[in-house]
Structure formats: structure tokens, C-alpha cells
Amino acid sequence: MNQKNESLKLKLTYLFVMVMFGIMGPIVRAIGLPSPVIACLRAWISSICLILYMVITKHPFDRNAVKWVLVPMSLCGLYMAIDWIGLFESYNYTTIATATVCYYITPVLVFLASPFLLKEPFTIRHFTCTLVAFVGMAFVSGIFEPGALGSASQADTIKGILFALLGAAGYAAIILTNKKHPDGDPIIRTTIQLSVAAILTTPYVFIRYDVSALHFTLKGVLFLLLLSVVLTAALYIVYFSTVVRLPARSVAILSYVDPVTAVFVSIFFLGEKITVFGVIGTILIIGAAIVSELSPAGKLKA
């Protein structure tokens, strides 16, 4: 019973994290800076905050333990940089709808790779639910709406799709590597990943933008701190602590709560309208998640 309660607690915690990820849209928009710049600053601020926290609280630091996770967590930092840069670059060449659909193939990649990399069982039911959730994601993204594909050339569209898929591969690699190497202090693991991501995204930002021309406002700075300290530094600790303890199939299917939350946030806080496709997609995602997590007896698995 205790194991079942622990499993249910982990899933609810992961759902909470996905919901929090889903509310980032209005916050990012309120900052008023290019998304890659926000991502880079977010990584720097969050990693510095975590380092300061460990210094001030005299957080235990076992050098031998750190050595065991330094390489895989540094790789995760690289994957994080690839994830962010791939997604942001895709927006420059294709529509947000197309980029989002390609990017959210991540859970499918995680599910397909888990039997080989994590030795987790493959089931037709969970695979079907993951695919249904992906189709729901396509509906939610608005890719089937008139004009969703935009007027970009075929070459640019293909380039945008490839960048989005690169970001998806980076995201999937983060999840799989963390699950493959679950040991170690969550705070230190998160700090390493964010620090490496900060270092690797900095050259990209300086190449792409005239940093001296960036305009900061008090409102933007406050929202940037909220994003970096609360929704990155603190939330990523919870995220990485949870994802390593959940089955890959649960991580895959529950990850689609993120975009569904983003849709509802855009409706209630940004005044955007939901379409029939959006409603259908939301129903498919929620239904797939419920069916995926049902036990053979027809009850939700704890």
C-alpha cells in the first residue's frame, strides 16, 4: 500500500510540475525579450541561485558522489542547450503550430527508447495511448486550422521541422539520461545541468543578437526572476527528482499535460479562443492519460 501511495504521490507531483510548465507562456511574454535571451538568462540566474543557496545553507557536498554524476549531468546540460536552441530556431523558419507538434514528439521518443535504454516493458496499450495523446497534441497546436502552416517556403518549413525535432531529441535525451543515472543529490544534479546549459547557450545569444541593444524594464526583470528562481531553480529540482522515479511510459503520457495547460492559460489569461480542434485534442490527451494509467481492474494505478 505504501508503494502504491508513493507512486500516486509521484504522479501527482509530476502533474503539478507539468501544470507549472504550462503557465510559463504569459510570464515569458511579459518579460519582453527574445526567447533565446530569456532562456540563457534563465539558466544563468537559476544556476547562480542554486549555487548561492548551497553556499548559504552549507548544503552537503560530497565530491566523490559528484564525480559519479558530473559527466551524465553535464551531458544533460548539453542536451538542454540543444533542446532550447532547436525549439527557438524552429520558430524562425516555420509556424509555432508546426514547431510545437514536431517538438512534442518527445514523449513518443522517450516511450520508444525506454525498452532499449532503460529495460522497461513495452506494452501496446501504453504505446497506443502515447500516440493518441500525440494526435491530441496536434489538434491542440492548431496545425489543422486554416493558414496554420503559414506562407514560409518549403525549404524553410523543412528547416524549421528539423530544428524542432532536434529540440525534441534534446528534451528526450534529458529525460532518458536522468532516468539512466538516477543517483545523487537532486539540487547538485539540477545545478550542474543548468550551469552547463547557461555556458553553452551564451555564445549562441551573442552571435544571434546585439546584446547592447536589449531593453530591460522593471516589470520584465521581476517576471524574469519569477521564471528563473521559482519556475526553474526550484521547479527543476522537483522535476528531476520525480522523473527519475517514474516509469518512462508515465513520464511520456503525463508530459502532454503541459501543452494542455498552456492552452487553457492562453484562453483564460490571454483572451485567446479555443477551437473545436482544441477541444477534441484536449479530450484525446486527457482520455489517453487516464486510460494509460488505468490498472487491468479498471482503477487508476497508484
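This is a predicted model: local features need pLDDT of at least 70, side-chain atom pairs count only at pLDDT 80 or more; totals for chains, interfaces and linings use all residues.
1. Start with the helix pair. Helix α9 spans residues 186–208, and helix α10 spans residues 218–243. They pack at an angle of about 115 degrees. Their axes lie 9 Å apart. The crossing is right-handed.

2. Now the residues at that crossing. Helix α9 contributes Pro186, Ile187, Thr190, Gln193 and Leu194. Helix α10 answers with Thr232, Ala233, Tyr236, Ile237, Phe240 and Ser241. By type, the contact has seven nonpolar residues, four polar and no charged.

3. Next, the core. The largest nonpolar core holds 79 residues. Those touching the most other members are Tyr14, Phe21, Met80, Trp84, Tyr239, Val243 and Tyr256. Helix α10 supplies the largest share of this core, with ten residues.

4. Look at Phe21, one of those core residues. Setting aside neighbours within four places in sequence, Phe21 contacts Leu231, Leu235, Tyr236, Tyr239 and Asp258. Tyr236 is also among the α10 residues that meet α9. Tyr239 is listed with Phe21 among the residues touching the most other core members.

5. Pro36 sits in helix α3, residues 35–56. Is Pro36 buried or exposed? Its relative accessibility is 8%, so Pro36 counts as buried; the cut-off for buried is under 20%.

6. What does Pro36 touch, leaving aside neighbours within four places in sequence? Its contacts are Phe88, Tyr204, Val205 and Tyr209. Pro36 and Tyr204 are 168 residues apart in sequence. In space, their C-alpha atoms are 8.4 Å apart.

Technical notes: Residues are numbered from 1 along each chain as its sequence is written. Side-chain values use heavy atoms; hydrogens and water are left out. Axes are lines fitted to C-alpha atoms, for helices over the stretch in contact, and angles run from 0 to 180 degrees between N-to-C directions. Helices (H or I, at least four residues) and strands (E, at least two) are DSSP runs, numbered from the N terminus. A crossing is left-handed if the near helix is turned anticlockwise from the far one by less than a right angle, and right-handed if clockwise. Contact means heavy atoms within 4.5 Å. Ala, Val, Leu, Ile, Met, Phe, Trp, Tyr, Cys and Pro count as nonpolar, Asp, Glu, Lys and Arg as charged, and the others, Gly among them, as polar. A nonpolar core is a set of buried Ala, Val, Leu, Ile, Met, Phe, Trp, Tyr and Cys residues joined through side-chain atoms within 4.5 Å. Buried means under 20% relative accessible area, exposed over 50%, partly exposed in between (1.4 Å probe, protein chains only).
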